[in-house]
Amino acid sequence: MPLSKNHLPTSETPLVVATLLHFRRQVPWMYALLAINATALAYTHAGLAPRWMTHALPALLVPLILWRMFRWLMPPTPEMLTEAGATRMINRATVLGSFFAVAFVSWALGLAAYGGPYEHGHVVVFIGITVLGCLFCLTHLPGAATAVGILVSVPLVVYCLLSGNPVFVSVGVNIALVTAVFLIVLKDAHRVFHNLIASRNALVTERQQAQRLSDENRLLAHTDVLTGLPNRRYFFGALEAMLEARHQPDPAAPATPFCVGVLDLDRFKAINDTYGHVCGDRLLGEIGQRLNAAAQGPLTVARLGGDEFGVLFDGPPDLAQPAIRALCSNIHVPIAIDGFEVTLGCSAGIAVYPEAGTTAHALFDRSDYALYHVKAHQRGGCAVFSHEQEALIRVEQRVEAALQVACLERELELHYQPIFDTRTMTVTSVEALARWKSPVLGEVAPATLIAAAERLGVINAVTLILFERALTSLTVLPDPVSLSFNLSAQDLMSPSTMREIVRMIVATNISPKRIIFEVTETSLVTDMAAAREALERLRDFGVRTALDDFGTGYSSLCSLHELPLDILKVDRTFVNGMATGSGRSMVAAIRNLAQSLSLDCTMEGIETENQLIEVTLAGYRYAQGYLLGRPMPIDALLMTMREQHVHLPEAARHSVG
Ligand code: C2E
Ligand code: CA
Ligand code: CA
């Protein structure tokens, strides 16, 4: 029951309780008035009336009313503050009031039989004045006031009228009139009080309804409809609140750390595309429920949009990391939808306050950096932002910025690295390797260029420019020499790029047999089926295919078997491992595996004579590496080949000069 500290009714107190609380402030006065006036009357009649009337009866009645008075002075009990309790108290006050009225008026009129005209006058004044005083105190209980008014004034007025004394008769008429007017005014005052409380309560109800509506609106404005999780607005509001709470006047005091995380579903776009958006929404709904159930204690999870979720952890990173990893594992549990099961992966990046930043913007950005890093290097993982990461990402951003304004036709070049047949030690093919000399950044490593081009979605343009150059170079190379050209995953996935590549080969009139396309294992795992289809088309056209960097990716032996491949290019890390017995066994095992799948084997990264001998003995058909020839411009390559007495075509002789 809302009450103010001094037990006064507040705006939310129900009417009956408000009435009682107002009444209890006046009732002690009423009892005090009665006790004093009654004592005075007993005093003026002492010696005139019998002792039982002037001493015994007051000694019984006065303590009784004083006891009631002290009861009302006590603080209200919780029970009194309920509607039922207050009603009971008011009813009891009405009954007791009526009892005291009858008792005192009978006693006073009894005393009127003794004494002279002054004492008679005192009796009439005592009853008349006291009843008016009591009615005043009963303003808030019109029922009790009416009962007391009637029970006291009627006998008094009758007594006055029957007295035969004209003064008493007119006093009786006066008292009857004043009491009647008093009761009418009192009733009116109570109605005003009643209306005041009722309108105040109505106002409170209205205010409560408005508050509820605004709470609901606020909840809606802060909730993501699809998942039921808090939304982006809530997330940033909560993040700001955490920062605000840590805003310390004393900068020397250590700040309590907290963590900001970003979760991103892996492969969600592919699932959305494959199964449709309705299914995608249901998946998000299920994930939302899981995250909602897990978001307890110091953990808050919100949906930021798409398949991205924000996490706030009010604690240090060593506690945040396991909690966020648990969220990722939760997402990883397969979801059954329409009779099929979908397993989603999830990567997470975390930024720690205050190391990573002290503003919402900085912290969120850095958790996003960490996520970006995880996605690029350790998909499905969870990493805490570090300044090394930021430096790395800044470099990548600079490369992207330079690439966006680059004139690719002018700035891109190709170098060619010979690949030798270990049986004849002649150049069997050359691998075209991209070189980018940026006017802004200088020479940029090809792996960096390709990764940036993939991120910016310009890799297809880069590939086509380079391939055209490579084809031109191929025309100046002797017939048995083939061209190895690297394709990125995005090239394989782009039907228009694949068509353009085929068109270019047809246009140059070069035999497709002289072209080998290299693809890395990692490029195949994104969408194995699409990659296989693209490779099959190329092979049907007549070109050969090679799996590059074998041993560094994730492709299983089974998928190796299923892929339309001609050559396996073993990653150069295996060459380095050949110094040990187990390394040599591994190299031999890969060769045997390739042989069983009817694949030729190329060993990359040959740098020493010993390595070349080992690889040759292990049965590797082709070898490539700095020992045999570094990547070089086509002119330099042709020169080297001429020095090695390789028969060059007519065009090449002009080219080399
Ligand atoms: P990759 O396809 O594995 O190319 C071989 C890389 O190994 C080349 O690095 C080459 O210079 C280097 N290399 C060759 N022999 C040796 C050796 O004996 N020792 C050592 N330590 N390294 C050796 P590069 O030119 O820096 O290219 C790096 C990667 O960039 C390539 O690896 C390839 O994945 C990618 N790349 C290059 N050009 C292109 C391109 O035109 N298109 C695409 N999609 N990727 C390309
Ligand atoms: Ca390659
Ligand atoms: Ca390679």
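A polar contact is a pair of N or O atoms within 3.5 Å, and within protein one atom must be able to donate a hydrogen and the other to accept it, while residues adjacent in sequence count only if both atoms are side-chain atoms. This is a predicted model, in which local features need pLDDT of at least 70 and side-chain atom pairs count only at pLDDT 80 or more, whereas totals for chains, interfaces and linings use all residues. Side-chain values use heavy atoms, without hydrogens and water, residues are numbered from 1 along each chain, and ligands are numbered from 1 in the order in which they are written.

| Side chain | Ligand 1 atom | Distance to an N or O atom |
|---|---|---|
| Arg-435 | oxygen | 3.0 Å |
| Asp-548 | oxygen | 2.9 Å |
| Glu-607 | nitrogen | 2.5 Å |

The protein covers 84% of the 800 Å² of accessible area that ligand 1 has on its own, as calculated by the Shrake-Rupley method with a 1.4 Å probe.

Asp-548 also belongs to a metal site: the calcium ion (ligand 2) is coordinated at 2.1 to 2.3 Å by Glu-431 (OE), Asn-486 (OD1), Glu-518 (OE) and Asp-548 (OD), where donors are N, O and S atoms within 2.8 Å of the metal (3.2 Å for Na, K and Ca), and water is not among the atoms, so sites may look incomplete. Asp-548 bridges this ion and the calcium ion (ligand 3), the two lying 4.1 Å apart. Glu-518 is buried at 1% relative accessible area, while Asn-486 is partly exposed at 27%; buried means under 20%, exposed over 50%, and partly exposed in between (1.4 Å probe, protein chains only).
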